Amino acid sequence: MRELAYTIVYGTMELDGYSNHLFHNVLKTNQDLINKQKNFVKRLAFGTIERCVELDIRLNQISRIPVNKMDCSVRTILRMAVYEIYYMEQVPVEVSCHEAVELVKRRKLHSAVGFVNGVLRNLIRQKDTIVVKEDYGKVCLPQRLYEHLADQYGKKTAKKIGAAFLNRSGEITLHIQTDRISSDEMQGLLKEADICCREGYYSRECLIVSGVHNVASLPGYQEGYFFVQDESSMLPVWCAGICPGDVVVDVCSAPGGKALHVLQNLKGEGFLSARDIHLHKVDRIKENMTRMKYSNAECKVWDGTVPDSEWDEKADVLLLDVPCSGIGIIGKKPEIKYHAMEQIDTLVSLQKKICENSLSMLRPGGTLIYSTCTINRAENEENIMWMEEYLGLKRESLDDYLPQSLQNKMTAEGMLQMLPGVQKSDGFFVARLKKESGNS
């Protein structure tokens, strides 16, 4: 099991891979794993990735070689072992040490056997005296990202955000198709299948499940009773106020939750054009539309930075859920926090280009919904100010479309920023703007 977890941690932290993809590849190539084994692999791998900052602080107190100077394979094995020792109490610490040394041998890192054994045995002896002095929320984040969030939201909130990311891992939100099955009935099906679930925080159409490795195995999947969509990701369609008969363009549609939400609101009337730049993602959206039995839509491979003259002024609603740094969803994709700050300037430029070149598809008087899954103001509020100044759009209040618990001064001015640890959700931003007559 540790060899499989190693593949995920090493691929994520050393090769810049995606933890979810690596985990699913492990399951696909090891189909004989039982649930207990899957749970062990997932907890060890994702826990190590999530807590890497803290694990390195502990290792640097006990190792003569700093973590950043270690061989990358040795570093990975030590991080995993330290996570086991501190957070997997069901595993005896001596077993964690022994298995780490055996993994070093299997990786043919024979010169590192003594080093790994010595570090871990010293760690076990001094386990309770190796103190992480920094505040809990702070050590959940790399220093650069923590400082960035502290500058924008204050230190207290930045620590709350960091801590909240750990509490969001391992959950999946199901958006229930309530015209086919009630939320209560769906909850009954899940409980019969021994699936842990609870109601959503902001919507009765949601159920949040945990301990699920394969969504397609859930009861009701083939029948189209639900699709996967986080509550925060429902905000764009809520705030758009989409009704039957509307024409909607979803410019950056993948992974497709918003598109399915749009079609749910259209109720078979109107039309949706769902787009993405990647063919394999468009194909996935098509598959989900087929499973959900929706037909009044097209799925189109399209680069959002390129205008589409065939759609000039045809859309009543334009959804722009643009590519972003993803800081808001670190709880589900922990590796994001280690690279989030590197491409923000490039992303802001891309976001503006998509907005500018998509606007021609929206009819005068139509609604533009801008959204991201980040909590970075340069990608959110600052982009909205730019759209108002340079594209001539005008913000509209969100309050008519939101639960009262989410309404505030900001939402009255047309924007909402969801913060992990403050609201009960992933980090998410949404804004509603109107295209007035004469806007290009």
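**Cysteines and overall fold of the predicted chain**

The sulfur of C324 lies 3.5 Å from the closest cysteine sulfur, that of C373, which is too far for a bond; a disulfide requires two cysteine sulfur atoms within 2.5 Å. C324 counts as buried because its relative accessibility is 18%. Buried means under 20% relative accessible area, exposed over 50%, and partly exposed in between (1.4 Å probe, protein chains only). C206 is also buried, at 0% relative accessibility. Its closest cysteine sulfur, in C197, is 12 Å away, too far for a bond. Across the whole structure, zero disulfides are found.

The model is predicted: local features need pLDDT of at least 70, side-chain atom pairs count only at pLDDT 80 or more, and totals for chains, interfaces and linings use all residues. Residues are numbered from 1 along each chain as its sequence is written, and side-chain values use heavy atoms, without hydrogens and water.

The chain holds 16 helices and twelve strands, taken as DSSP runs (helices H or I, at least four residues; strands E, at least two). Its C-alpha atoms fill a box of roughly 75 × 45 × 40 Å along the principal axes.

Of the 440 residues, 57% are buried. Contacts are heavy atoms within 4.5 Å. Among contacts between residues at least 6 apart in sequence, 73% join residues at least 24 apart.
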